[in-house]
Amino acid sequence: MPVNVLFSARPALWSVYEPLLTKYLDDAGVDVQLGTDFEPDQVDYVIYAPNGGLLDFAPFTRLKAVLSLWAGVEKIADNETLAVPLARMVDHGLTQGMTEWVVGHVLRYHLGMDRHITEQDGVWDPDSPPLAQERKVCILGLGALGEAAARALTALNFQVIGWSRTAKEIPGVTCLHDSDGLRDALSQAEITVLLLPDTPATENALNAETLALLPKGARIINPGRGPLIDDDALMDALNSGQVGHATLDVFRVEPLPEDHPYWAHPNVTVTPHIASETRPVTAAQVICENIRRGEAGELFVHLVDRTLGY
Ligand code: NDP
């Protein structure tokens with residue numbers, strides 16, 4: 001009997017994923033029926049994104065796992081109707097995209113690129129930027145994305161300080177954890193990159209107290225999630241000069257409302273949640289590998305710890 005796999009994501013993605021999933025599952029020898037419309041009690045796996053609209057998993061009585069197309073699972077991790085394993089997306093393409101985006105925005109700040117691109121004023125100011133080894137960059141979150149960004153910045157010779165929930169060792173990176181580690185990391189951070197998940201424990205990780213730890217004029221780059229930052233505290237810090245500039249890709253409300261003060265603030269760059277996205281060619285392989293594992297009785301990869309929310 002074939003396994004039934006329901007694709008519940010943005011409808012436009014179905015035509016992109018369907019041939020990839022068919023090919024990879026065929027290669028893996030899994031007899032499968034893929035679709036966007038099954039009776040819930042006939043579904044073995046759900047390929048999931050929040051914009052597919054699926055909220056109630058209770059009728060999915062023979063479900064074996066939910067496989068998220070998104071890396072961030074805050075919209076499903078606490079869903080009480082979900083009683084089967086939840087795997088999140090860890091995808092080479094997504095990781096590479098995030099690394100490129102983070103490195104680009106760190107270099108913008110490090111080199112002071114705006115000075116010569118957006119602020120050209122006829123003044124011949126021959127000040128050269130420092131070298132990367134003189135610049136401290138802090139990355140909050142050293143998971144799939146944070147570690148890759150940390151390694152790339154280290155390869156460029158930046159002094160990278162990382163912070164995570166558990167202790168880590170990454171060559172060339174000063175790895176810190178716990179609340180003392182956060183204070184230590186932020187107090188040195190000329191540029192801070194947020195790559196934490198959105199969980200109850202990370203909400204407002206940057207707040208009035210932690211923003212005050214930063215060196216005056218520090219830069220912030222947030223491709224993680226909007227709730228990681230207390231927006232009022234950030235606005236205060238921007239207005240006082242405590243934070244020199246912020247590049248924000250993610251927000252509590254998306255799209256960011258037209259009248260939100262971030263749009264108009266001279267020291268904020270808003271990007272529309274484009275830091276990186278799941279890349280179908282590589283992501284479909286990750287999904288298919290988990291279906292293969294499920295059918296072979298092997299452990300799933302990239303499982304979410306739903307008690308932690310990531
Ligand atoms: P991971 O789960 O691999 O990594 C999360 C990291 O955060 C881990 O290092 C983890 O610590 C750390 N962490 C979690 N909770 C805490 C805490 N309470 N205190 C300190 N550290 C904590 O996630 P990814 O790297 O794959 O993704 C990170 C986030 O990036 C996603 O959750 C998503 O929100 C966002 N994202 C944004 C995109 C965009 O386009 N803007 C695209 C894709 C993802 P430990 O290692 O000890 O477990």
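**View 1. Helix 4 gives the largest share of the shell around the ligand, 3 residues.** Helices are DSSP runs of H or I with at least four residues, strands are runs of E with at least two, and both are numbered from the N terminus. In this predicted model, local features need pLDDT of at least 70 and side-chain atom pairs pLDDT 80 or more, while totals for chains, interfaces and linings use all residues. Residues are numbered from 1 along each chain as its sequence is written, and side-chain values use heavy atoms, leaving out hydrogens and water. The shell contains 30 residues, the closest being Arg-88, Thr-166, Lys-168, Ser-276 and Tyr-310.

**View 2. Oxygen atoms of the ligand make polar contacts (pairs of N or O atoms within 3.5 Å) with the protein.** A polar side-chain atom of Thr-166 lies 2.5 Å from a ligand oxygen. For a backbone N or O atom of Leu-145 the distance is 2.8 Å, and for a polar backbone atom of Gly-143 it is 3.0 Å. Of the 940 Å² of accessible area (Shrake-Rupley method, 1.4 Å probe) that the ligand has on its own, the protein covers 92%.

**View 3. The ligand lies between domain 1 (3-91 + 278-296) and domain 2 (92-270), because both give residues to its shell.** The domain bounds come from an automatic or database assignment.

**View 4. An open sheet of 7 strands runs in the order 8-7-6-9-10-11-12, with parallel pairing.** Strands pair if DSSP finds at least two bridges between them. Strand 8 (173-177) and strand 12 (268-270) stand at the edges with a single partner each, so one side of each has no neighbour in the sheet. Strand 11 (residues 243-248) pairs with strand 12 over 3 bridges, and Leu-248 has Val-270 as its bridge partner in strand 12.

Key
A residue is near a molecule or strand if one of its heavy atoms lies within 4 Å of it. A polar contact is a pair of N or O atoms within 3.5 Å; within protein, one must be able to donate a hydrogen and the other to accept it, and residues adjacent in sequence count only if both atoms are side-chain atoms.
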